[in-house]
Amino acid sequence: MVEKDTPNFTSRIISLIVALALFSVLYSLTNVYAQVLFNSLQPIQFNAANPIISRKIYTLALPIDDSVPFIAAMIVPYSWSILLFCVSFFLVKSTQQLSVLTSRIILATLLAAIVFYFFPANFTFDRPAVTDWTQFGYHFLSVADKPFNQFPSLHVTYALLIGITVWNVSKRWIYRLVLTCICTLIIVSTVFTYQHHLLDVLGGMLLSILVLVIASKLRSSLVLKYIAVALAGFLLVSTVGYLIAQYYKVYFLEWVATLIAIYWLGSFTLLAWAYQHPTLAHRKSRFQKNANGHLKLSSWLMFAPLLLIYSLMWSLKQRFGKATTHRDQITCSISLDNVDKAGHYNSITAIATSKLMIAKSLDALNDLAKDSSQNTVYDKIIVIDLAAEIDSHFACLQAVLTHQTDVDYVYFPLLDLQSFLELDISDVIVLFKDIDHLIKIKSTAKIGLSTSTLINFHCVMGLSRSVGLHTLYLVYKGVLEPHSYSAWIKKCYPNAHVSATYLPISVVHKVSKYAPLNLQK
């Protein structure tokens with residue numbers, strides 16, 4: 001299948017900067033860490049002054065490495081690695097290829113850096129003195145790259161991953177021949193320049209295979225995002241903690257940093273796993289809330305770093321963001337009035353709550369509980385809480401309602417930025433049926449009387465989740481046609497970031513198939 005979408009220059013540059021920045025930070029940090037560790041272990045392999053955590057530097061030289069000759073000119077293909085790294089982001093022809101390339105390189109960098117941290121290795125051979133034209137390259141190498149971070153060789157890993165990824169960019173034999181020659185020369189140059197041992201090359205090959213396998217199984221870029229946060233955060237905290245402890249000779253700080261790093265790693269790895277397996281059961285089990293919409297202690301213990309970040313983001317939005325007014329909310333509402341088989345008239349209004357509406361203006365909630373057309377109080381308000389990472393303001397709603405109104409709370413957690421394509425449609429339909437059931441309970445309790453119900457799709461962090469599910473509910477009720485959903489969102493919620501990628505037409509069509517069944521009830 002030929003890709004039709006071509007990434008623009010900006011997206012290529014951003015992907016390159018992210019991949020290059022991650023490599024620069026983690027590679028440099030682990031290199032400094034290995035050098036400090038190496039110096040602290042001289043002339044023995046255990047630092048008696050720091051008995052808390054025993055570490056060592058590994059050597060991977062084999063007898064066969066002695067027979068590898070030093071070829072000074074190989075510094076030229078060795079230097080091609082950074083050029084191939086940068087150029088590859090402009091060789092790919094589709095957005096999908098760019099995403100695959102970025103994911104593979106980032107994953108390779110992360111996994112290699114973890115190995116560098118737990119298995120620091122150094123090159124043991126003395127490089128012969130170089131006096132010809134190649135000396136400038138080796139001088140730069142000695143300044144920029146210390147003889148650590150040996151296993152696995154990222155030169156080898158990058159060459160293989162980039163070569164495989166951009167292989168199909170062109171089917172011309174000359175292109176593939178040049179690509180093969182460049183990647184091969186980069187790989188062999190790692191040993192002929194006396195930068196790596198043969199086991200390092202083997203490690204680089206094995207890492208590339210591991211990256212290809214893992215990357216092919218990642219459900220989305222969001223999974224990789226949180227894997228990167230988990231691993232990069234672990235490395236930053238643990239290595240910086242070690243360096244500070246060594247510099248100030250306060251060695252218990254290393255323990256503290258290590259414990260914090262392990263907790264960070266575990267928390268964001270669990271989050272990445274939640275994005276990898278985004279079932280409703282998994283979301284509810286990880287982000288548990290009580291009947292008032294407050295996250296439970298168990299969720300805070302698992303995801304404290306993330307939850308604190310989201311709480312800070314919400315506070316900043318409250319302080320500097322612009323609240324959506326009550327009038328704006330009603331403008332976006334749609335009436336779903338109907339008469340059931342028993343003759344009960346149900347006045348039903350569905351809305352999507354803005355990110356600041358509930359918390360910013362509690363007085364508006366009293367107005368929200370009134371039917372503006374009849375000036376009567378709603379008999380029932382159903383709040384659908386969609387934010388998994390932050391407390392709902394459902395308790396605030398209960399506090400300000402002074403009239404006799406039933407208030408129901410339904411928790412349907414959605415993960416931030418995750419496309420509705422990841423949702424199980426059966427879970428969505430079950431939710432909609434539960435909403436209809438809650439409406440029916442109230443209407444049948446008031447025999448011969450009309451009832452008014454407000455359905456409030458509510459996400460504290462923003463409009464995207466609430467508007468998306470609001471739209472699907474209207475499609476499910478047969479009020480909104482699938483072909484017009486996008487235009488309706490742009491008209492009613494112009495500030496909502498609900499793109500065709502976030503709420504695909506395929507999901508809307510799947511939900512619409514349940515509309516006729518619903519209307520016949």
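This is a predicted model: local features need pLDDT of at least 70, side-chain atom pairs count only at pLDDT 80 or more; totals for chains, interfaces and linings use all residues.
What about disulfides? The closest cysteine sulfur to that of Cys181 belongs to Cys183, and the gap between the two sulfurs is 9.5 Å. A disulfide calls for two cysteine sulfur atoms within 2.5 Å, so the sulfur of Cys181 is too far from that of Cys183 for a bond. With that cut-off, the disulfide count comes to zero.

The peptide bond leading from Phe151 into Pro152 is cis, and its omega is near 0°. Asn149 sits in the loop between H4 and H5 too. Asn149 is not a glycine, yet its phi is positive, at about 55°. As for how much of Asn149 shows, a relative accessibility of 2% puts this residue in the buried group.

Lys249 has a positive phi as well, of about 60°, and is likewise not a glycine. To find Lys249, look in the loop between helix H8 (221–248) and helix H9 (252–276). Buried or exposed, where does Lys249 fall? Lys249 is exposed, because its relative accessible area is 56% and the exposed label applies over 50%.

The last stop is Lys289, a lysine in the loop between helix H10 (280–286) and helix H11 (297–320). Lys289 counts as buried, since its relative accessibility is 10% and buried means under 20%. What do the polar atoms of the Lys289 side chain pair up with? One partner is the side chain of Asp385, joined to that of Lys289 by a polar contact of 2.7 Å. Another is the backbone oxygen of Ala387, which lies 2.6 Å from a polar atom of the Lys289 side chain.

Asp385 and Ala387 also turn up in the list of residues that Lys289 touches, once residues up to four places away in sequence are set aside. That list includes Ala388, Ile390, Asp391 and Ser392, along with the tyrosines Tyr409 and Tyr411. His294, Leu295 and Lys296 are among the residues touched by Lys289 as well.

Technical notes
Residues are numbered from 1 along each chain as its sequence is written. Side-chain values use heavy atoms; hydrogens and water are left out. Helices (H or I, at least four residues) and strands (E, at least two) are DSSP runs, numbered from the N terminus. Buried means under 20% relative accessible area, exposed over 50%, partly exposed in between (1.4 Å probe, protein chains only). A polar contact is a pair of N or O atoms within 3.5 Å; within protein, one must be able to donate a hydrogen and the other to accept it, and residues adjacent in sequence count only if both atoms are side-chain atoms. Contact means heavy atoms within 4.5 Å.
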